Amino acid sequence: VRDDFYDWPASIGPIIEEVKPALVVMMIGSNDRQAMQVNGSSEKVRSEAWDKEYVARINRFAKTVRGSGVPLIWVGGPPYRFKSMSADILAFNEFYRTAVEAVGGSFVDIWDGFVDQDGSFVLSGSDINGQTVRLRNPDGINFTNAGKRKLAFYAERQIRQMFGGAAAPLFAGLSPESFSTMRLPPLQSEQELVRFDPI
């Protein structure tokens, strides 16, 4: 929406030329719920002019990526604690799905992984191992580490389906060992732990 801040449709072509990625994975939306400048006037979210311009930008982005010959995976947005936000994201997801599938890309729908059996937003749910964990932070927007891992699992599954065994180097490049800032200190042994009585 804020192409004055960063213009994704205009920027993705040069990025692909420079980086030469094996694939592009896109996930946006939660910050796009704001007014947008369309032909010099400010349009409210989900107005007819807003929807038309938003879809045009999504289409331009998807066509640019696929026109370069790079596979495109678009990860849909999750539900949020706020119903109005969730309603907008559902609409956005349909925009993304339509645009991506029209150019031969893949849409990854994560919605069902973050709702209960009635389709309502949940803070806690099953992780990738089937254990009940906290998936979202108390703000009802951001993800916990377990929630991020579950979200990544959906994208990873699609990447493996597209690339098969050739996907392994892609995931190896994203492992924590590749980023020193992600390395945690070693766990303390039982003897080294400092215990405090409850207050």
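User: Where is the place of Asn93?

Analyst: Asn93 sits in helix α3, which covers residues 83-102. Helices here are DSSP runs of H or I with at least four residues, strands are E runs with at least two, and both are numbered from the N terminus. A heads-up: this is a predicted model, where local features need pLDDT of at least 70 and side-chain atom pairs count only at pLDDT 80 or more, while totals for chains, interfaces and linings use all residues. Residues are numbered from 1 along each chain as its sequence is written, and side-chain values use heavy atoms, leaving out hydrogens and water.

User: Why does Asn93 count as buried?

Analyst: Buried means under 20% relative accessible area, with exposed over 50% and partly exposed in between (1.4 Å probe, protein chains only). Asn93 has 4% relative accessibility, so it counts as buried.

User: What does the side chain of Asn93 reach?

Analyst: It reaches the backbone nitrogen of Gly77 at 2.7 Å. A polar contact is a pair of N or O atoms within 3.5 Å; within protein, one must be able to donate a hydrogen and the other to accept it, and residues adjacent in sequence count only if both atoms are side-chain atoms.

User: Which residues is Asn93 in contact with, leaving aside its neighbours within four places in sequence?

Analyst: Those are Gly76, Gly77, Phe107 and Trp111, where contact means heavy atoms within 4.5 Å.

User: What makes β4 and β5 a pair?

Analyst: Two strands pair if DSSP finds at least two bridges between them. Strand β4 (residues 72-75) is joined to β5 by three bridges, so they pair, and they run parallel. In this region Ile73 stands opposite Ser106 in β5. The open sheet has three strands in the order β1-β4-β5.

User: Why are β1 and β5 called edge strands?

Analyst: β1 (24-26) and β5 (106-108) each pair on one side only.

User: Which residues touch the most other members of the largest nonpolar core?

Analyst: Tyr54, Phe61, Val65, Leu72 and Trp74 do, out of 27 residues. A nonpolar core is a set of buried Ala, Val, Leu, Ile, Met, Phe, Trp, Tyr and Cys residues joined through side-chain atoms within 4.5 Å. Helix α3 gives the most to this core, with seven residues.

User: Where is the pLDDT below 50?

Analyst: The protein averages a pLDDT of 89, and 83% of the residues score at least 70, but over residues 178-185 the pLDDT is below 50. This score is the predictor's confidence in each residue, from 0 to 100. Where pLDDT is low, the predicted coordinates should not be read in detail.
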